[in-house]
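Please examine the structure shown below.

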Amino acid sequence: IGDKTLLFTYIVGDNQNYNPLKIIDVEIEDQKLIHDIAGNSLDIANSVKSKTFNGVVIDTTSPQKPVITIKENGETVTKKVFYDQNSEIQLVIKYDEGATVKEYSTDGGSTWNNYTSEVTLGNGEYTIKARSKDAAGNSSESDNSNYVKVDKRVILTSVSVNKPTGSYTNGETFIFTLNFSIPVKVSSDSKIKLNLTDAAAS
């Protein structure tokens with residue numbers, strides 16, 4: 001660089017982490033020489049003294065793998081399927097203190113979002129993963145996929161009957177219709193219990 005400065009580059013190798021970083025020797029390959037403007041050669045062995053760079057850290061250590069936790073109404077749980085309509089399901093992720101980039105995915109890693117705080121999970125099926133990166137660009141391992149299903153929909157939406165009012169005769173048949181928000185299976189021996197009130201007696 002200019003007339004008085006030579007620029008050398010150094011590429012950090014795997015698992016190199018030195019603090020302080022110290023230059024102890026300079027070698028010129030193929031016995032090439034460095035000359036000044038008068039033609040004098042530089043005596044590398046005697047002219048270049050060791051140099052220590054205090055505070056220089058070459059960081060190749062990856063952040064710890066994020067830890068994924070699922071909470072139901074603030075309590076940590078291990079179950080993966082949630083149906084209670086009164087429950088609040090949250091995704092909580094703990095990252096390494098040195099992580100500067102914190103991301104999570106709810107679709108198995110197809111798309112990633114920045115993580116800033118707890119994430120509330122609505123109805124749906126999720127394959128949750130998490131990853132991070134530190135200031136030096138080192139990436140963590142991704143946490144193992146966590147499957148979670150949340151379905152807090154009202155299953156039985158309505159009940160209707162073919163003849164809700166009127167006069168009825170002995171042996172008359174009524175047809176009740178139950179409407180559900182999702183497909184259901186009903187066993188052959190299922191029964192419906194009716195609570196009847198005699199209007200004439202009231």
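A residue is called buried when its relative accessible area is under 20%, exposed when it is over 50%, and partly exposed in between, with a 1.4 Å probe and protein chains only as cover. This is a predicted model, in which local features need pLDDT of at least 70, side-chain atom pairs count only at pLDDT 80 or more, and totals for chains, interfaces and linings use all residues. Residues are numbered from 1 along each chain as its sequence is written, and side-chain values use heavy atoms, leaving out hydrogens and water.

Phe174 has a relative accessibility of 31% and therefore counts as partly exposed. Phe174 lies in the loop between β12 and β13; strands are DSSP runs of E of at least two residues, numbered from the N terminus. Phe174 also belongs to a nonpolar surface patch of about 1000 Å², whose members include Leu156, Tyr168 and Phe176.

Is Tyr126 buried or exposed? Tyr126 is buried, because its relative accessible area is 14%. Tyr126 is part of strand β10 (residues 124-134). Not counting residues up to four places away in sequence, Tyr126 touches Thr106, Leu121, Asn146, Tyr147, Val148 and Val150, where contact means heavy atoms within 4.5 Å.

How values were computed: Patches are made of residues with over 30% relative accessible area and no salt bridge: like charges are joined within 9 Å, nonpolar side chains (Val, Leu, Ile, Met, Phe, Trp, Tyr) within 5 Å. Accessible areas come from the Shrake-Rupley method with a 1.4 Å probe; for residues, only the protein chains shown count as cover. A salt bridge is a side-chain nitrogen of Lys or Arg within 4 Å of a carboxyl oxygen of Asp or Glu. Helices (H or I, at least four residues) and strands (E, at least two) are DSSP runs, numbered from the N terminus.
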